There are 2 protein chains.
Amino acid sequence: MKNRITELFGIEYPIIQAGMIWCSGWELAAAVSNAGGLGIIGSGSMYPHILEEHVQKCQAATKQPFAVNLPLLYPSIDEHIETILKYKVPIVFTSAGNPKHYTSTLKEAGITVVHVTASLKFALKAQAAGVDAIVSEGFEAGGHNGKDETTTLCLIPVVCDGVDIPVIAAGGIASGRAMAACFALGAEGVQIGSRFVASIESSAHDAFKKKVLETGEGDTKLSLKKVVPVRLIKNQFYEEIDAMEKKGASPQDLALHLGRGRSKKGMFEGDMDNGELEIGQIASQIKEIKPAADILKEIWEEYLATCTKMGKMV
Amino acid sequence: MKNRITELFGIEYPIIQAGMIWCSGWELAAAVSNAGGLGIIGSGSMYPHILEEHVQKCQAATKQPFAVNLPLLYPSIDEHIETILKYKVPIVFTSAGNPKHYTSTLKEAGITVVHVTASLKFALKAQAAGVDAIVSEGFEAGGHNGKDETTTLCLIPVVCDGVDIPVIAAGGIASGRAMAACFALGAEGVQIGSRFVASIESSAHDAFKKKVLETGEGDTKLSLKKVVPVRLIKNQFYEEIDAMEKKGASPQDLALHLGRGRSKKGMFEGDMDNGELEIGQIASQIKEIKPAADILKEIWEEYLATCTKMGKMV
């Protein structure tokens, strides 16, 4: 398959594995890139020397292109960028912040830059900042999310009509059917997070991977809206926050109860009660932990079968 | 096109116009049915004698099948059912309540019964109650909504895999692209509300129709979650409720402020400040008030073009 996304990244399939804190280190990124997709190292949960180690290991494990996800509000962002430049990482996905400043720095170094947004408004700002492509992420996505709560089905057509650069759909995609649906809406690639959390190569704690398999319909919720909206599994920590919110707790009180290190505690250390467990609604469709390459192959084959079926519906 | 939905209803296109309070009377239903889709009279905002009048007028205006939407918690439901039986309305869409009791009454009279739900759990209950098809409605839909907040993209594949009867997708659909996306996910029909609110034949107040055209990205929100979740345009009334919710207002206080007749005041009488304005997220894509037949034709043609494009993507 050739389209603007496969050409832009130099990959075989327009399937991107999302950069995710605590879940997507070099092993997952290399596995996805080796299988023909685009693997992404999630740098948001890494100290600068940890990112350097992951980039080195990823380069040793694959000759294919891979990317680093860079949250623009990360405190040591300059050190992360130094690592990216030093090791000539070819592609960077920026998120959670204003793309205006860092896009030009990265582009000047010859890096392909993609920005993750949850609205057309910010997609247009990213396009103006010079990024090469947009990830448009809907309300159903796991982890941090936009304030507008626009779902993938409503977001993708609006962004595709509104920008000239290619659009990668994210949020609610864990199957080839959903990939085909997003392509019908105008996307030229998909970014998949939750499905790859439950992969062999994901660095998530085993207890969290198993929890993802058990997550059913209605078991996640967009929480902490007064602080930063984040989709979580409804565990004990979520219930505590929910009870505070229903009583009208202030952003300060909520941030205090959140504290520091909750996501590490949950997703990396395996505390299923007190940790922050970030996953998308589509977890309800994930039934098995598999090698990343198998996941990618299944999605691609179902995508092809769905497109064939659609062509026959006319 | 022939599939289980067109066969079940005896219609040309698997496009259903949602039954909506204050917006879908006989004129809209007849226009959609005459154009080859399935029109639905929304009985939830009608006194029994008003429904009778609308059914009579609809029968005079079209020889094609049409349906009545019946909210199962409607206080005078027995009188509504009497009207449905008396005039031999061929199809009933039930919603907002338990389908267990009334489905058999309707089925015994030879009526095709469809139930509207927002989860697989309730879709299975409706199937067990004997309904002929399911409408699965995602979080992005306008008006009353489920507690799980599952989006259409996440909901449709799960329901299609879980039930044996055909599934009609709803929520976030106002174009042929979105229709194709839902068919890729496994749906065999689409139910479209918001797009038909902004039609010539809709009984919505002109001020509300115009308001729908002005509704942009992020301008609707699922509100009143402690009472009954409902997606509203963010107007003065919404802001009042939102401020109360942020301070931890009780369900009783919220219900008191909601009071009675808010939806009529907004959608039917045109009070854009104090009325309840129910519309879906997809309103941001609606740019023109048109005849219902033109809307249906455009959606169908874009659907066909999208399927053709998808078939060529393999």
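The legends below describe close-up views of a predicted model.

Local features in this predicted model are described only at pLDDT of at least 70 and side-chain atom pairs count only at pLDDT 80 or more, whereas totals for chains, interfaces and linings use all residues. Residues are numbered from 1 along each chain as its sequence is written, and chains are lettered from A and ligands numbered from 1 in the order in which they are written.

**View 1. The open sheet of chain A.** Eight strands with parallel pairing form an open sheet in the order 1-9-8-6-5-4-3-2, where helices (H or I, at least four residues) and strands (E, at least two) are DSSP runs numbered from the N terminus, and two strands pair if DSSP finds at least two bridges between them. Strand 1 and strand 2 (39-42) of chain A each have a single partner strand and stand at the edges, so one side of each lacks a neighbour in the sheet. Neighbouring strands of this sheet are turned against each other by 25 degrees on average, direction ignored; axes are lines fitted to C-alpha atoms, for helices over the stretch in contact, and angles run from 0 to 180 degrees between N-to-C directions.

**View 2. Strands 3 and 4 of chain A.** Strand 3 (residues 66-71) and strand 4 (residues 91-95) of chain A pair in the parallel sense over 5 bridges, and Leu70(A) stands opposite Thr94(A) in strand 4 of chain A.

**View 3. Two helices lying across strands of chain A.** Helix 2 of chain A lies across strand 1, strand 2 and strand 3 of chain A and runs at about 170 degrees to strand 2. Helix 7 of chain A lies across strand 6 (133-137) and strand 8 (167-170) of chain A, at about 175 degrees to strand 8.

**View 4. Two loop residues with positive phi.** Trp22(A), in the loop between strand 1 (15-17) and helix 2 (26-34) of chain A, has a positive phi of about 65 degrees although it is not a glycine. Because 25 C-beta neighbours lie inside 10 Å, Trp22(A) counts as buried (20 or more other C-beta atoms, placed from the backbone, within 10 Å of its own). Glu149(A), which lies in the loop between strand 7 (143-144) and helix 7 (152-162) of chain A, is not a glycine but has a positive phi of about 65 degrees, and Glu149(A) is buried, with 24 other C-beta atoms within 10 Å.

**View 5. The side of chain A that touches chain B.** In chain A, 44 residues are in contact with 44 residues of chain B (C-beta atoms, placed from the backbone, within 7 Å). Helix 6 (120-129), helix 7, helix 8 (176-184) and helix 14 (292-311) of chain A each supply at least two residues of this side.

Technical notes
Buried ≥ 20, exposed ≤ 12 C-beta atoms within 10 Å, placed from the backbone.
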